[in-house]
Amino acid sequence: MSNDEFDMSSEDEAALVAASARVTNAKRDRSHEVALRPGKRSKITNKTNTAPSHNTVLANKILKEHFNLDGFRLEQEAAISRLLDGNSAVIVFPTGGGKSLCYQVPAVAFKYQDQEDGSRASGYHGITLVISPLIALMKDQVDALLRNNIKAAVLNSSVSRDQYLAVHDDLRNGRLDLLYCAPERLNNEGFIATLKAIPGGIRLLAVDEAHCISEWGHSFRPDYLKIARFAEEAEVERVVCLTATATPKVSEDILTAFSIPKEGLLRTTMYRPNLRLLAEANPKGTDYEAKLVVHLKANPGPTIVYITQQKAAMELAATLKSKGFPAKPYHAGMTPELRTQTQDEFLGSENMIVVATIAFGMGIDKPDIRNIVHFDIPDSIESYCQQIGRAGRDGKPSTCMFYLSTKDFHIRNIFTYGDRPSLHSLRLLFKDLCSPHRKELNVGDTFTVELYTQSRDVDITPTILGILYAQLELHFKLFRAAGTQYNRYKYTVKDRRILDNDISPAAHAIKGASKQLQKWTHIALDELTASTGIPRADLVRTLETWNEYDAIDLRKESVSHVFRLLRPLPSSATEINDIITHLDSSMGATEQQNLARTKSLIDLITSKQCFSRSLAAYFGETKNLPKACMHCTWCETHTQVVLPNEPPLPPDEAKVRNVLDAVGVRDDPRFLAKIAFGINSPRITALKIKQTGVFESMNVCDFEALVSVFRKACGEE
């Protein structure tokens, strides 16, 4: 799940906006709206081109005046003209292909169009909404747009309270051209209501990393499936979906999701003539660090070394630094400040090496990256292409090295097999979800779930729980995500006079029920609502108002997700079992799909073919390609890269007994297999199994073979 889900709860977001409106007394006078002409908002359309030449001229004018560029590249001009004509589009450009201009230029052009045809009054030009999962990309693009005198803003966990309030004020008053947010924010009912009320509506919905929409995509995110539903409900005028990695199947899924005709697909070649694609296969025991040192000395310049685990990134960066290289690690476990510092240093460096997990690189606009090294196996061809696509954007020769070995399969399989919950866990989930209390809820009622608490109880990670809840929402239509709320509120008083002067019922109730414990004063909102009948939203709004007046220092903790029932929760064992069977089958298919993706990448690297042609063919390119690129390992050597023959070992009976003796549970074979293989889970952490010595004791075995062995031990076979 994205961090964006936890930067502000839905009810607090609504309360903060309401409190701000009272504090600033900024009430808009809407009495004149009928006299103005805000323009009609319609559903997504795909009209016939009416004046493409005029819109092309307009697009080039904006490109020069606002972005200081002399001309478009690739299919940018065609894509922008299509959007300015009122049509939707799917854009598949390689990494560094200039996708962002395809929605930034139209966002500026809408005002020009409105001025020419006189259809909309000032302040009613609408907005371009950009959905992106990448906080760093959002910030960088907004900063660049502001420098170009284009009014843009972002709403995510990186913005301050004052920035947040300013953005909402700009939205209400029609002052923004572009707004960036994460897909998870579309779960927030208050935020959706704000978007629907934007003067002039949403002129363009831009969906970045659009491959996440497709279940066939390499990084499928269920919240992306909700974007199409939002587009219809908010009556956005047109949509542009952008991705660097979409196979023909994924492209088809994106077109279908937004009802875009096939002619709306604009694709450019994946072939990069300046990238030298190299690969080496190495057996166990190879000194990879020594090989990497030799490679880096032979290929100087800004470099990204991709590695899978955070600890390994730290260790390898330290090793390279000890050998005289200007190397630094980068991973999601670092503080935001340190990540930003490392990124900024890399952007300005001529020789820095970043040893990074996949957390690094998305949205990084550095044209002179000379080397990409895959120290570990990526999870798919799509990921490999995304990562090598960050090299040589300046068109100069760059080298991409892929180290291939069987040692990486264990780490890769930890991620693949670790994502699938067991049947036992799914049953525990439904026992909790369909509790007697929740079965009494009526359609329209809401209930809350604290994913991190439930994660421990059912032994499913919060990320996978989010995926399961999205399936229950989208496929079974049991409920709809309604946002988030905080479970615990506490405050310290800074100005007692303001609290004393607030005589509202909510203020009286809060002051009467608050309990001071050492420094902080605590308030149980749910209990207070139950005892007084005062709506929880009123209590939150009062606390936020005090906080905005600087009367208190307010802190909020422990986020719960709110769901609104669309139909009664299942009550019969048959219905529950049917849903569990579907979810298990779906997760199993995803598991096999992820295994197949990794195998496809290995097959590509080890085949007797040109790497560049194989990559292009994978993404559906069959025309206008050279027969041989002459800058990959196969073309340069005509020697096949052969994966060492190092098959997994069969499960060891003595070690199986050790696991069974150390753990003592027999209710979940997959759980026992995870212990033996070395896949952590909430239950493994809670039972302190890592201290027993059996965790990862059979990491040289095939995971499915371990599951089979422990099924027998649990009496299931």
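Which helix and which strand each supply at least two residues of the lining of the second largest cavity? They are helix H4 (101-117) and strand E2 (127-131). Helices (H or I, at least four residues) and strands (E, at least two) are DSSP runs, numbered from the N terminus.

This is a predicted model, where local features need pLDDT of at least 70, side-chain atom pairs count only at pLDDT 80 or more, and totals for chains, interfaces and linings use all residues. Residues are numbered from 1 along each chain as its sequence is written, and side-chain values use heavy atoms, without hydrogens and water.

**Cavities**

The whole structure holds four cavities of 30 Å³ or more. A cavity is a set of points on a 1 Å grid over the protein atoms alone where a 1.4 Å probe fits but cannot get out; lining residues have an atom within 4 Å of a point. A volume is the space filled by probe spheres set on the points.

| Cavity | Volume | Top contributor to lining |
|---|---|---|
| Largest | About 180 Å³ | H24, three residues |

Among the residues lining the second largest cavity are Phe-110, His-125 and Asp-177.

**Two helices**

Helix H27 (residues 669-677) packs against helix H29 (residues 703-713) at an angle of about 130 degrees, and their axes are 8 Å apart. Axes are lines fitted to C-alpha atoms, for helices over the stretch in contact, and angles run from 0 to 180 degrees between N-to-C directions. H27 and H29 are therefore oblique to each other: angles under 35 degrees count as roughly parallel, over 145 as roughly antiparallel, 65 to 115 as roughly perpendicular and the rest as oblique.

Methods. 1 Å grid on protein atoms, 1.4 Å probe; cavity = no way out; pocket = protein on both sides within 12 Å on 5 of 7 lines; lining within 4 Å.
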